[in-house]
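Colleague: I would like a close look at a single part of this model. Please take me through the contacts there, one residue at a time.

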Amino acid sequence: MALQELDFDSCYRAVSARDPRFDGRFYTAVTTTRIYCRPICPARTPSWRNVRFYRHAASAEAAGFRPCKRCRPELSPGDPGWDLRGDLVGRALRLIDDGAADEQGVAGLARRLHITERHLHRLFVAELGVGPLAVARTKRLLLAKQLLTETSLPITEVAFAAGFGSVRQFNATMRETYGFTPSELRATAGPRAAAIASAPAAQTGATLRLRLHRRHPYDADGVFSFLAARAIPGLEVADRTSYRRAVPGGTITLTPRPDHIALDVAVEDTRQLARIVARCRRLLDLDADPQAIADVLSGTSLAPLVAARPGLRVPGTFDGFELAVRAVVGQQISVAGARTLLGRIVARAGAPGGLFPTPARLLEADLSGLGLTGRRIDTLKDLAARLVDGRLDLDGGQDPAQAVAELLEVRGIGPWTAGYIALRALRDPDAWPTGDLVLVKRMAALGIPNDHIERWRPWRAYAALHLWSSS
């Protein structure tokens, strides 16, 4: 049944107004049609008697509803409430997005979180009304639905790209859940159906384009400029209009469009697609709620900066370890200097194809002669060792407070470095890089006292970006 925490009257008003602020926060299920929609669906608003509200798409599907072909729930931006939560359910949802359940099963997902499978299931049912397996299945189905609608990828490849073990399983699951087969969906996908049907079969390494949606406003110039200034030679190429990087087995390119981000993926193994999509969303902070952030920060000494940069986001990272290495290398040197050193690390220790080194590769690599001090090398090695042996997890599996505490155990990592990693890799919206010289100077120039930092909770990470971008 629908979650009790959703207020029916508030949800119904949002649906009646087609309020985009609620897109991704809940789903509207209509009992007469057995279809569930986004709050912004352009269809006629159903009678309140025939409506049920669900916090997650998986909850609606478990109740027997199928996704609307008109508003396409697979395009909803993520729920910012789950994106910001560092508790077990929030972390588990991020790991499911990252493909952990598809690769390791629910048992492996539970091990990653250091809890039992039974306890994980109990937490999911209490929060969402369904277990983690149902959530993972819905993620697979919605990604498959997007691939069938937006690309010419053959149905066989769609099945594996979405995380299904076989085409037979894919067909059976889609028919059972949605009432139609993949072929039937593609045949009725809309204006693109004819082009998709006549397109040649995708070749290995072919480029796929997907749309990544976000809430408005979105400061694309700020995000892409930030990434461009820090692009690592040999790994990334970026400017204000695009971002391109190497990923395992190929490359990705992100390009801002008026109402979405275009993601072009050229990889040999499309089974990595779910992880790529999830990591791109975190990299560009696409699931944030800019209105909620502005509501708090606009009532503080940062009001002029908030007005000047509506929709500002906190750029994340494609890989948590990569970001941690960036933070360590960037200690007390310029951004340009850090880029140079990081480019040398990629050239020396990176995997073929220009990939950033894994913790295991960096641990074994000879980093002498690159311009790094001996102490900095020791810090990087200790950091890598903690990820290799599982003491540290920077990609969503570990409680953020525990991860920060573990980071501070690394000799050479202090509050600034740990705070910066928490801000970008751990996605903590309240992280603050204590002692950052640019922030200190900007606050002094703007006449902002230090005690105002506490007034910016729970959005201090966004406050930091506003101050950095104003310099």
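What follows is my request and a connected reply.

Colleague: Please look closely at R211. Which residues is R211 in contact with, leaving aside its neighbours within four places in sequence?

Modeller: A caution to begin with: this is a predicted model. R211 sits in strand β5, which spans residues 207-212. Its relative accessibility is 30%, so R211 counts as partly exposed; the buried class would need a value under 20%. Setting aside neighbours within four places in sequence, R211 is in contact with R72, L75, Q146, E150, H260 and I261.

Take E150 from that list. E150 belongs to helix α7, residues 132-150. A polar atom of the E150 side chain lies 3.3 Å from the backbone nitrogen of R211. On the R211 side, then, the atom involved is a backbone one. E150 has 8% relative accessibility and therefore counts as buried.

At 10% relative accessibility, T149 counts as buried because the cut-off is under 20%. The T149 side chain reaches the backbone oxygen of K145 at 2.8 Å.

Now step away from the strand. R211 and A360 are 149 residues apart in sequence, and their C-alpha atoms are 34 Å apart in space.

Next, the nonpolar cores. The largest has 65 residues. Within that core, V325, L383 and W456 touch the most other members. V325 is in contact with L342, I345, F356, L362, L380 and L383, leaving aside neighbours within four places in sequence. Another core lies apart from this one; it has 49 residues, including A159, V267, L286 and F318. As background, nonpolar side chains in soluble globular proteins tend to be buried together.

Helix α16 covers residues 320-329 and helix α17 covers residues 335-349. Their axes come within 9 Å and cross at roughly 130°. That angle makes α16 oblique to α17; roughly antiparallel would take an angle over 145 degrees. The crossing of α16 past α17 is right-handed. From α16, the residues that meet the partner helix are V325, R326 and V329. From α17, they are A338, L341, L342 and I345.

Notes
Residues numbered from 1 in each chain as written. Predicted model: local features only at pLDDT ≥ 70, side-chain atom pairs only at ≥ 80, totals over all residues. Heavy atoms only, no water. Core = buried A, V, L, I, M, F, W, Y, C linked by side-chain atoms within 4.5 Å. Buried < 20%, exposed > 50% of the residue type's maximum accessible area, 1.4 Å probe, protein only. Contact = heavy atoms within 4.5 Å. Helix = DSSP H or I, 4+ residues; strand = E, 2+ residues; numbered from the N terminus. Polar contact = N/O pair within 3.5 Å; in protein donor to acceptor, adjacent residues only side chain to side chain. Axes fitted to C-alpha atoms, helices over the stretch in contact; angles between N-to-C directions. Parallel < 35°, antiparallel > 145°, perpendicular 65-115°, else oblique. Left-handed = near helix turned anticlockwise from the far one by under 90°.
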